[in-house]
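Dear colleague,

Please find the structure below, handed over for your records.

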Amino acid sequence: MNMFGRVIMAFMPITPRALVRFFARRYVAGTELKDALKVMSELSSENTSFTVDVLGEDISSIDETEKFVREYTDLISAISKSEIDAHVSLKPTAFGLDIDYALAIEKLSEIVEMANKSEIFVRLDMEDSKLTELTLKATEDLYKKGHNNIGVVLQGRMFRTPDDLRRISKSMGKDADVRICKGIYLEPPDIAHTKYQDIVDATAEAISSALDLGMYVGIASHDIPVIEASLTELQNRGFLPDFQDPRDPVPTKRNGKGNGYEFQFLLGVRGDVRRRLASEGHLTRVYLPYGKQWYEYSMRRLRENPGVAWHVAKSVIFPWTNRR
Ligand code: FAD
């Protein structure tokens, strides 16, 4: 599978931009805020919520953060004026986390505070392993500053995740909110699982532990074994979509959140599974990226994980495996 992805990757440098755009438009809402709002209002009829990401990360100069502060300010203001049920997600390196930590915290704090006034939740996405420690520290430092509308992402493939779950549970208590995904970055075998089944098992295990720790859990996988294992774990703990969260401690209830957990999907990926979960009463959320940097974003994701190229190709060749 990855070999097929690598073959596609070999052709990427000579692939016309227009062709990349053709494939990317399923996964990226557009270049402008108005495109994101349009896609969200179209998808709202599918009984789903959203988390919106302004594309861009890994800036080279701290001056570039201003652009992201403006974009997120406009985004939060547009969401709060609309009827749309949306949170925001952001990449900490877009705010220069790895260039000037103190300044990045100041900028992130501005965004989180503004979001809080409109009861909008802010998630710090997790980037590659060089950023794990810094991203967790940023989440904790923002929380210490009094922001409780923030959460982070932990990647099932990372060996450190079980410890990080306990750490976040301890530092954020009932406000702890984690998205758990497999992790898109292919990390080395001394720090992460590298085999498919090990990653699935570790991701399902992380979801189960987060539920036990009393956290709010965003289950972010399109993989049926992970989704099924999560549904079993929820059922075993007495979670039913329309009932109270049965745990003790119960995570802090916030606007726009589900009953202690939710299922999250990337825009354009396995919409049929998302719609099925929503029809069964589970809260679902679509991760919706938009922005001018769609090309760089698409190419970077493909470079980081050539398996993504295979997923995209498979969606075109065997469309029934991955409905929009
Ligand atoms: P897979 O086995 O990879 O995929 C299962 C099936 O889903 C595939 O067979 C295919 O049909 C479909 N599919 C999956 N991904 C794609 C794709 N990109 N394009 C087309 N079809 C696809 N990773 C991080 O490292 N940090 C994050 O902050 C982060 N945030 C995420 C937020 C959300 C809401 C989601 C859903 C994922 C996020 N990820 C993040 C990515 C995640 O870590 C995985 O890389 C990704 O979801 C693929 O793993 P999977 O569990 O869906 O399983």
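V316 counts as partly exposed because its relative accessibility is 48%; buried means under 20% relative accessible area, exposed over 50%, and partly exposed in between (1.4 Å probe, protein chains only). The place of V316 is in helix 12; helices here are DSSP runs of H or I with at least four residues, strands are runs of E with at least two, and both are numbered from the N terminus.

This is a predicted model, in which local features need pLDDT of at least 70 and side-chain atom pairs count only at pLDDT 80 or more, while totals for chains, interfaces and linings use all residues. Residues are numbered from 1 along each chain as its sequence is written, and side-chain values use heavy atoms, with hydrogens and water left out.

Together with L19, F22, F23, I317, F318 and W320, V316 forms a nonpolar patch on the surface, with about 680 Å² of accessible area in total. Two or more residues of this patch come from each of helix 2 (17-24) and helix 12 (307-317). Helix 2 gives the most, with 3 residues. Patch members have over 30% relative accessible area and no salt bridge, and nonpolar side chains (Val, Leu, Ile, Met, Phe, Trp, Tyr) are joined within 5 Å, like charges within 9 Å. Accessible areas come from the Shrake-Rupley method with a 1.4 Å probe, and for residues only the protein chains shown count as cover.

Turning to the charged pairs, the structure holds 27 salt bridges, each a side-chain nitrogen of Lys or Arg within 4 Å of a carboxyl oxygen of Asp or Glu. One of them joins the side chains of K38 and E42, at 3.3 Å from N to O. Both residues lie in helix 3 (residues 33-43), 4 residues apart, about one turn of the helix. K38 is exposed, at 52% relative accessible area, whereas E42 is partly exposed, at 46%.

Another salt bridge pairs E133 with R160 at 2.7 Å, N to O. E133 belongs to helix 6 (residues 132-144) and R160 to the loop between strand 4 (150-155) and helix 7 (161-172), so this pair ties together parts 27 residues apart in sequence.

K182 forms a salt bridge with D223, the closest N and O atoms being 2.8 Å apart. D223 is buried, with a relative accessible area of 15%, while K182 is partly exposed, at 21%. Salt bridges that share partners also join R123, D175, D177, R254 and K257 into one network.

Yours sincerely
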